[in-house]
Amino acid sequence: MPLVSMRQLLDHAAENGYGLPAFNVNNLEQIQAIMEAAAETNSPVIMQGSAGARKYAGEPYLRHLIEAAIETHPDIPIVMHQDHGASPAICIQSMRSGFSSVMMDGSLQEDAKTPASFEYNARVSKHVVDIAHAIGVSVEGELGCLGSLETGMGEKEDGHGAEGALSHDQLLTDPNEAAEFVKATGVDALAIAIGTSHGAYKFTRPPTGAVLRIDRIKEIHARIPNTHLVMHGSSSVPQDWLKIINQYGGTMGETYGVPVEEIVEGIKHGVRKINIDTDLRMASTGAIRKYLAENTKDFDPRKYFAAARKAMKEICVARYTAFGCAGQASKIKPMSLERMAERYKKGELNAIVK
Ligand SMILES: O=C(COP(=O)(O)O)[C@@H](O)[C@H](O)[C@H](O)COP(=O)(O)O
């Protein structure tokens, strides 16, 4: 099965009431873990490369690893998505190199740190949509700045994200603005700010509705019913892996993520794409720490990478199952990007704004 557009998968998810985890990828073992889990559960796949991943692995390595997944698993629809493009130029470069979906993150200025105005965000996002849709590529936008409703701080991590204190309004996507943004841009998917943040340190205690505003999802979805909502920063920060990391020499502090049952609630109200990176990082780190501590004579990296791959696969299977993707891959008839471009041109995929 060829590479497919993200819009095709998210439309299928909306029609059938499920959500798709979008796993960040940086190396071979992560990609194999995701694909083994998808094959075992018959799930469609979104793999995404962040700015950090592009810096770490280099875009050609990422692309060829994902292409290897497509070749190895011809029966699974796969989206190659570029996560957090800080400028139209980055998105255009990704499209040129074969990504079937891009995120234009105009919520921040091109430095990926300074919150941008609504006008700037709408202008750069619309620019990317015009180019992407002409070739059948899907576009995710972002409105609102990710950060903590507990502390009021932005979530700068690894060079990406707003720095310093943010107002409550900036940390929470406004449904009226979301409607205006989608009308002005025509993005296929919209990342919203509801109190989640990237990385492991999201909440100092299990989150309540005051700091994780799932209720806001319902209000936004009611205004833009066919624009697919995206939850960034949605790792659940598995407590069992946190314990293993610390048991084997790690010093991670007490922290909590987004509970899977809250994500499932979001899926009932229009969330279709759920970004997950930290959970696989934690499973991988915990498994490697444990393996090396228990096998002190081993020096073959394939042994501890295999342990990491197995741990990551278990998380992927759990998320595919919980989000309702399991069993869906074989029901999807892939559409070429050319066909998607025709559909955009005919207006078949126009946004509904209420
Ligand atoms: O939402 C995301 C991950 O959420 P998470 O931390 O797993 O809760 C991704 O979109 C981030 O972009 C990604 O984790 C950032 O990765 P790097 O830039 O550090 O590679």
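Ala, Val, Leu, Ile, Met, Phe, Trp, Tyr, Cys and Pro count here as nonpolar, Asp, Glu, Lys and Arg as charged, and the others, Gly among them, as polar. The model is predicted, so that local features need pLDDT of at least 70 and side-chain atom pairs count only at pLDDT 80 or more, while totals for chains, interfaces and linings use all residues. Residues are numbered from 1 along each chain as its sequence is written, and side-chain values use heavy atoms, with hydrogens and water left out.

**Exercise 1.** Describe the residues around the ligand.

Solution. Two residues of the shell are nonpolar, twelve are polar and five are charged. Of the 19 residues around the ligand (a heavy atom within 4 Å), those that come nearest are Ser50, Lys202, Ser235, Asp277 and Thr278.

**Exercise 2.** Find polar contacts (pairs of N or O atoms within 3.5 Å) of ligand oxygen atoms, then state the cover and the elements involved.

Solution. Begin with the backbone: a polar atom of glycine 52 is 3.4 Å from a ligand oxygen, and an N or O atom of glycine 199 lies 2.7 Å from one. Next, a side-chain N or O atom of asparagine 275 is 3.0 Å from an oxygen of the ligand. The protein covers 93% of the 490 Å² of accessible area (Shrake-Rupley method, 1.4 Å probe) that the ligand has on its own. Elements giving two or more residues to the shell include helix H3 (51-57) and helix H12 (278-294); helices are DSSP runs of H or I, at least four residues, numbered from the N terminus.

**Exercise 3.** Is serine 284 buried or exposed?

Solution. Serine 284 belongs to helix H12. Its relative accessibility is 15%, and therefore serine 284 counts as buried (under 20% relative accessible area; exposed is over 50%). Leaving out residues up to four places away in sequence, serine 284 touches Ala308 and Met312 (heavy atoms within 4.5 Å).

Definitions and conventions: Polar contact = N/O pair within 3.5 Å; in protein donor to acceptor, adjacent residues only side chain to side chain. Buried < 20%, exposed > 50% of the residue type's maximum accessible area, 1.4 Å probe, protein only.
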